[in-house]
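Here is a short briefing to read alongside the model.

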Amino acid sequence: MESRTPPAAADAGCGRGDDDLLPIRRLEISDNSKGFVELLAQLSHCPPLSDADFRARFADIAALGDDHVICVVEDLRAGRIVATGSVFIERKFLRGCGMVGHIEDVVVDAAIRGRRLGQRVVRYLVEHARAAGCYKVILDCDPDLRAFYEKCGFSEKSVQMALYF
């Protein structure tokens, strides 16, 4: 994926304690071998992927450029991905052809939770959406995560509905 990072996102969480050993950045093809898919499995059903499947999906997402960004936090000591999240930009006709950021798939490794990595990931994604010109950022979450997202500046609005296939 292209490595253009919004300035505010690049600075999100840096320079505090061991954050230098837990940098936040965009997903790279090499992250497949650093436990990226296994981390996603802590969030939802995510079976192992072959290298070919990972590379194909990575290429699909990379082709979307800044309209779909996946960020990761890598523990440099362990060489493992310990947090991730994504944002995709929806281009609308509403609001004068405005854009909305949709945050998805935020997860922090259970072994390292409580260090505000989730907040850093969300801040990175929000700043990307802001820099892209979005007029709002939205996400869906389980009720037990409401307090976490309120700490990140979100407020409850509307009701989520889903239809699974």
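In which strand is the place of V69? V69 sits in strand β2 of this predicted model, where strands are DSSP runs of E with at least two residues and helices are runs of H or I with at least four, both numbered from the N terminus. Because the model is predicted, local features need pLDDT of at least 70 and side-chain atom pairs count only at pLDDT 80 or more, while totals for chains, interfaces and linings use all residues. Residues are numbered from 1 along each chain as its sequence is written, and side-chain values use heavy atoms, with hydrogens and water left out.

**Overall fold**

- The protein chain contains six helices and five strands.
- Following the sequence, these elements come in the pattern α-β-α-α-β-β-α-β-α-β-α.
- Of the 165 residues in the protein chain, 40% are buried; buried means under 20% relative accessible area, exposed means over 50%, and partly exposed lies in between, with a 1.4 Å probe and protein chains only.
- Among contacts (heavy atoms within 4.5 Å) with a separation of 6 or more, 65% are between residues 24 or more positions apart.

**Around V69**

- V69 counts as buried because its relative accessibility is 1%.
- Leaving aside neighbours within four places in sequence, V69 is in contact with R26, G85, S86, V87, Y124, L125 and H128.
- The C-alpha atoms of V69 and A129 are separated by 9.6 Å, and these residues are 60 apart along the chain.

**Salt bridges**

- The whole structure holds 12 salt bridges, each defined as a side-chain nitrogen of Lys or Arg within 4 Å of a carboxyl oxygen of Asp or Glu.
- As background, side chains of opposite charge can pair when their charged atoms come close.
- One of these salt bridges joins R26 and D66, at 2.8 Å from N to O. R26 belongs to strand β1 (residues 24–26) and D66 to the loop between α3 (51–62) and β2 (68–75), so the pair ties together parts that are 40 residues apart in sequence.
- Both ends of that pair are buried: R26 has a relative accessible area of 5%, and D66 has 16%.
- E74 and K34 form another salt bridge, with their closest N and O atoms 3.2 Å apart. Since E74 lies in strand β2 and K34 in the loop between β1 and α2 (36–40), this pair also ties together parts that are 40 residues apart in sequence.
- E90 and K92 meet in a salt bridge as well, at 3.2 Å from N to O. E90 is partly exposed at 29% relative accessibility, and K92 is partly exposed at 22%.
- Through shared partners, salt bridges join R25, E28, D31, K34 and E74 into one network.

**A closer look at E74**

- Is E74 buried or exposed? E74 counts as buried because its relative accessibility is 8%, and K34 is buried too.
- The side chain of E74 makes a polar contact of 2.8 Å with the side chain of R25. A polar contact is a pair of N or O atoms within 3.5 Å; within protein, one must be able to donate a hydrogen and the other to accept it, and residues adjacent in sequence count only if both atoms are side-chain atoms.
- A polar contact also joins the side chains of E74 and K34, at 3.2 Å.
- Not counting residues up to four places away in sequence, E74 touches L21, L22, P23, R25, K34, G79, R80 and I81.

**Pockets**

- How pockets are found: on a 1 Å grid over the protein atoms alone, a pocket is an open set of points where a 1.4 Å probe fits, with protein on both sides within 12 Å along at least five of seven lines, and lining residues have an atom within 4 Å of a point. Grid points are joined across faces, edges and corners, and a volume is the space filled by probe spheres set on the points.
- The largest pocket has a volume of about 1,400 Å³. Its lining has 44 residues, and L43, E104, D105, V106 and V107 are the closest to its centre.
- β4 gives the most to the lining of the largest pocket, with six residues.
- The second largest pocket holds about 880 Å³ of space. Its lining has 29 residues, with L139, F154, S155, E156 and K157 nearest its centre.
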